There are 2 protein chains.
Amino acid sequence: MRWREPPAIYLEDCGSPVERSSYLIQLPTADGGSYDVIHDASSPAAGDCCAQQSSARHNWEMNYQEAAIYLQEGENNDKFFTHPKNAKALAAYLFAHNHLFYLMELSTALLLLLLSLCEAPAVPMLRLGIFVHATLELFALMVVVFELSMKMRWLGFHTFIRHKRTMVKTCVLFVQFIEAIVVLVRQTSHVRITRALRCIFLVDCRYCGAVRRNLRQIFQSLPPFIDILLLLLFFMVIFAILGFYLFSPNHSDPYFSTLENSLVNLFVLLTTSNFPDVMMPSYARNPWSCVFFIVYLSIELYFIMNLLLAVVFDTFNDIEKRKFKSLLLHKRTAIQHAYRLLITKQRPSGISFKHFEGLLRFYKPRMCTRERYLTFKALNQSNTPLLSLKDFYNFYEVVGLKWKAKRNREHWFDDLPRTAFLIFKGINILVNSRVFQYTMYTVVAVNGIWILVETFMLQGGNFFSRNVPWSYIVFLTIYGVELLLKTTGLGPVEYLSSGWNLFDFSVTLFAFLGLMALAFNMEPFYFIVVLRPLQLLRLFKLKKRYRNVLDTMFELFPRMASLGLTLLIFYYCFAIVGMEFFAGVVYPNCCNTSTVADSYRWVNHTIGNKTVVEEGYYYLNNFDNILNSFVTLFELTVVNDWYIIMEGVTSQTTHWSRLYFMIFYIVTMVVMTIIVAFILEAFVFRMNYTRKNQDSEEDNGIVLEKEISKEEVVGIIELYKRSSAAPETSQLQKIVLQMDKYGQMSTTFLGRRSRTKSDLSMKMYEEEIQEWYEEHSRKEESQAPLQESASASTSSLKPLSLRQRSQTVI
Amino acid sequence: MRWREPPAIYLEDCGSPVERSSYLIQLPTADGGSYDVIHDASSPAAGDCCAQQSSARHNWEMNYQEAAIYLQEGENNDKFFTHPKNAKALAAYLFAHNHLFYLMELSTALLLLLLSLCEAPAVPMLRLGIFVHATLELFALMVVVFELSMKMRWLGFHTFIRHKRTMVKTCVLFVQFIEAIVVLVRQTSHVRITRALRCIFLVDCRYCGAVRRNLRQIFQSLPPFIDILLLLLFFMVIFAILGFYLFSPNHSDPYFSTLENSLVNLFVLLTTSNFPDVMMPSYARNPWSCVFFIVYLSIELYFIMNLLLAVVFDTFNDIEKRKFKSLLLHKRTAIQHAYRLLITKQRPSGISFKHFEGLLRFYKPRMCTRERYLTFKALNQSNTPLLSLKDFYNFYEVVGLKWKAKRNREHWFDDLPRTAFLIFKGINILVNSRVFQYTMYTVVAVNGIWILVETFMLQGGNFFSRNVPWSYIVFLTIYGVELLLKTTGLGPVEYLSSGWNLFDFSVTLFAFLGLMALAFNMEPFYFIVVLRPLQLLRLFKLKKRYRNVLDTMFELFPRMASLGLTLLIFYYCFAIVGMEFFAGVVYPNCCNTSTVADSYRWVNHTIGNKTVVEEGYYYLNNFDNILNSFVTLFELTVVNDWYIIMEGVTSQTTHWSRLYFMIFYIVTMVVMTIIVAFILEAFVFRMNYTRKNQDSEEDNGIVLEKEISKEEVVGIIELYKRSSAAPETSQLQKIVLQMDKYGQMSTTFLGRRSRTKSDLSMKMYEEEIQEWYEEHSRKEESQAPLQESASASTSSLKPLSLRQRSQTVI
């Protein structure tokens, strides 16, 4: 069999780029000169390409690198004004943009944050000497200085100054530095509230981009939030005056005795935390006084608080859409920039595979040759040898795909001998049957009821007796058999590719570990036993709505985690401030003069010959170290009975302490409202999406199918061999061998990735996206003549073609 | 001046209707025969119209009435199968459809509900003898029987049986009747939980349509709600088992000692009501146990509860849209039905004014002739003498307009003599100036701060001294002057037409009344004085967002009120059940054996020579009469510390009582979630609307302008005179006289009404509405051939023309 000539697509493209990488312009004249020589001497003949000078290759490499950087900037939503402008900046950029550097950033930030575990007031077990923790802090700060200097080198002084976040970080760094030195010199900690600012080091980390976005979103939602908050506070003031006039004549009512009390108690009432107690004294005197409280709660709690949610939700929705739009356009611009660097003067209408491959070498170094080619093929919609800009626009959607050869065999056991095949086929049919599935559901349900009844029968006593209950063994055996059948019937790979199966697997594994723990009496692992009821979660597969909810939950998880982290950052700030002011102020029986004395009581008195301990426990909710502070702040977030903590601390300090608690309440209210709005938005969005695409509901992410023929593969191998650039052809040759073995002329590959929110948004805003694009290109057009001082052109890619033309003129 | 011949529009149309009113078919044959005679004998000649037989007029009157009934049914969203089918049913229908009957319905229902104030356990002041209240009840029930019999007469037995709500009502009525008789015979009240069903009488009232819609919406939102609720409960069970295993070995932890305790406490924890207390015993023993609670709250409270809101919100949105759609199509069908009854055989392409006027005489008897004509004119877009079906579709939008002659003078004082005019003009300019407005805002702000400071300085003591504070008088004077200036400058009518001015006016009036009360020392009215801070609300006019919020609030008010009423109906049911089971079970010091003993304590002990009263007050939250029950239920709705009430009652009864409280919590959760979803939906809708129509933001409802010329008026007068049907031409003649006086040839009238939610929805769904219409008419089309057995037609009004054709064939 003779291979046909490889099609034009594989012809080596050795023209010079239309646009030179900006790094090259800064190179010494000698090199620049040689560039210009090549620039002029480049000939369309393909034959002597390989003989070209290395500086031409170097030039192209530079272009690839810059294009890759543009694409990265587009992906990470980095603004283009931070784009490295010369070779020196490029070096710094490359140094500061890899996972090693990111990890260093992250670990420094975490070290700084974790230091508060060891600084006074420290967690007892982790206490370190002042000398030790101050030195550690100085070391971490030095690392931050190094990071910042790298950043300055990359950005240049002017951009560095203009970059707000970096400037704030520098200021904080400066303050921290001075304070750390002061601590080291004085050998004692002073009131260091500025430690709360350490969070900025974490927020600035590359890996915390999601947190930064959340914070931005929170700040953007603030203006309407504050408006409604003012309305809320305004009504509170009116009602406080009213309440003071109405209830202060009643001397048995401590809640409205002064205007300040009245205000504070109505603020607490807003959180419902002191209801109905706050009403009781007046209600006891006159039953109609309940009207005041009912009206207040109806207006404030049920109306304005919901209004707050509505306003935040609305703003949130709006911001989400605008954010998506700007991200989309930013990516588009990045692609345009990259495209401009990859086209040659000879073929200005598109990117050849060679240059595309060069780009990917920098953009995704780990990608293998096969995948690069498949990506190129998937992008190339027109089947011409060149990738047009229109094709290239899909870069981000396609580059994330994971490619796999489409297996011709249906099951993993297709190649086995006949008997084995039949057995496995039978198992396969069995595990896929409805009967099997429903039997398993029944078993799970019975198991659930069993556990419930068993637990109900146990009234205290020794739960973890040495003899393992037989029911445990029976059910575990059933699950084990199911697991075995499924693994053999579906093949391990397919079995574990489903999230639900993975869940089954891990729960069964845990149950097995629990059994081991029971059997060998390893007490510390007993807790695993109690995880058994989690098996019941499998029942939720039965109903479509639950599947939907749980799927959405998993989709939301990264975003939820970042919101949680954002909340933790707020916690950290408040925890530091709380520790500085309130560490050690509450202790058992501390607040006997306050109205909440009971909650802080700890009495150990003897009645008859029995010792009775009366414990109020609230002294445990303190700010004595950072872990305790976090728990206390969580309790404040949950809001119920928070005024007991507030009053306890207030009675030991001044009544200005209330401000701390009230501000914390308002801040968490903002964050919580945003979390609620986020969950609402995500679910409503998802449900709308399912409603719009009811036919294709059961899809598992994005799937793309591409067929490549043997000739193509051979052509690429040839290409690589000629350019002798990469030794990565072995994988390709393997494909050819495999095709030969099976006598196929082509292999089909499947590209797969999970669906992201961005994909969903793309589909939801389908109609609007085109408008945005047009608007965007109109805007660029109107800016282009000013920047480029060239006349208008009729090409559809005006900004680009304009630039091309102006360059060729120069 | 000679009047021209009136145009064709006024020609009296005396053709016979295309379709006969269904009531006529049921008339005795004699009349039917005469109808047929006219039917054939009707001639297009207009001359001898007036001489036509009265039976023809009777026929038309019947048609008018039936058309009016159709339109009413369309408006009230009554299904057409309840349409009265014959003359007898018509009489019953007319009897049962007027405000007198509605009022009777409402007052009977209210009487029945209010009876529970007097039945044991009664409110002390309102207690009535068993004989008295049982007799009252029987009387009310008799009235209901009468109402139902009228309804049966109107609906006919078959429809009556098919109408679910009516059937339920009948059953409840039957049960109530028997029970009332039993009470009367035994002369003692038995456990009458069925009293909770009395609500159905209120719900069935014509005036409570909004409540019925809310209930329907709540029931429609239930299925997804229950799904998520099950998820919630499921996790609760898992955590309860887990908690039991983890914490029950700790004997100082009463919260997890048994599985039941564990479940109940986790249920309460879901409401956060016992947090952090529930955590404290285990937290005191092992700090890491807080992880259990944090995970539980994060999953249940912060995730699934929000999910619940998301699901309800989504369903709610969907239902709102579908409801709007079905209502819109229902109205359209009603209009089609009415149209069919109003066109004549001679002129099948539209309705003449005469018939339109006849319709309005039944549909809106209070409307004057001028308004009827203006409505006709506003509907008539094509300026032909006949109203086509397309024009007629706008009936509901136009018929609600209030018409007023457009005044030619700008201000009320334009007609006054020169000097007076100038003075008033000056005042007008002054009150409309920004300086004046901002001065007033400053005064209000200063007043607010003054009140705040003044109140702050008052530390208890005699607030309402006999000497009125001078600041009060000063500010009141300023407000009085402002009010006077505005009234004179704008004219009283224009001044009071703005809601904000109305608010200013009433607040100032209240302040004045308060002054009177102070000056003349009328103690019971002192509370008016404390309303002064409400003046501050005026400041919110300053910002657009607040204006928006407050406007939306007013728009939402009717709907909010109906939601509140719905909640009250649920309260009533629970209050009755609560009273039957828990009346009198809690009293001071009742629950000394329970964990919440402190809250119910009432100790009066003497320390030294001082009497100290320790009051827990919670014994006031009881079910001793219906008013107390309502307050208790409100406290349960607010949720905070509800478990104290629950535990108190439980300790005095059985632990099954908890079910009552838990079910109440879940029910209020449903209603509250729906209220939140409603507020969210309304605001988000409104904000989207404002975003869509940013240009026309400052509109005050729907305004329509129509000009009518003198000839037209004269023509109508002629028409009325000839038909001698109505003596209502005096108003028209007045218009003619006025036109003569001012020498005008025409007068312009303005039709005005406030914008409703339906108008907003019309605009929001603009694009979809056309699709709905098409879909609807396609559906009708596909049904029409089956019903009418006629061939397809090409007219755009297919269902109608089909029917017309088939009728003419018959």
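A polar contact is a pair of N or O atoms within 3.5 Å; within protein, one must be able to donate a hydrogen and the other to accept it. The model treated here is predicted.

**Exercise 1.** Find how many residue pairs are in polar contact across the interface of chain A and chain B, and how many salt bridges there are.

*Solution.* Start with the polar contacts. The rule finds ten residue pairs, both partners at pLDDT 80 or more. Between chain A and chain B the count is zero.

**Exercise 2.** Determine how much area chain A and chain B bury between them, and which residues of chain A lose the most.

*Solution.* Take the total. The two chains bury about 8600 Å².

Helices giving two or more residues to it include helix 9 (209-247), helix 12 (290-342) and helix 25 (657-692) of chain A.

**Exercise 3.** Work out how chain A and chain B are related.

*Solution.* Superpose chain A on chain B. A rotation of 180° with 0.0 Å of shift along its axis does it, with RMSD 0.1 Å. The two copies are therefore related as by a two-fold rotation axis.

Locate the axis. Of the residues of chain A, N640(A) comes closest, its C-alpha at 3.7 Å.

Finally, compare the surfaces. The contact takes 87 residues from chain A and 87 residues from chain B. Of the contact residues of chain A, 100% recur in chain B: the same surface serves both copies.

Terms used
Residues numbered from 1 in each chain as written. Chains lettered and ligands numbered in written order. Predicted model: local features only at pLDDT ≥ 70, side-chain atom pairs only at ≥ 80, totals over all residues. Heavy atoms only, no water. Contact = heavy atoms within 4.5 Å. Buried area = accessible area lost by both parts, 1.4 Å probe. Salt bridge = Lys/Arg side-chain N within 4 Å of Asp/Glu carboxyl O. Polar contact = N/O pair within 3.5 Å; in protein donor to acceptor, adjacent residues only side chain to side chain. Helix = DSSP H or I, 4+ residues; strand = E, 2+ residues; numbered from the N terminus. Least-squares fit on C-alpha atoms with pLDDT ≥ 70 in both.
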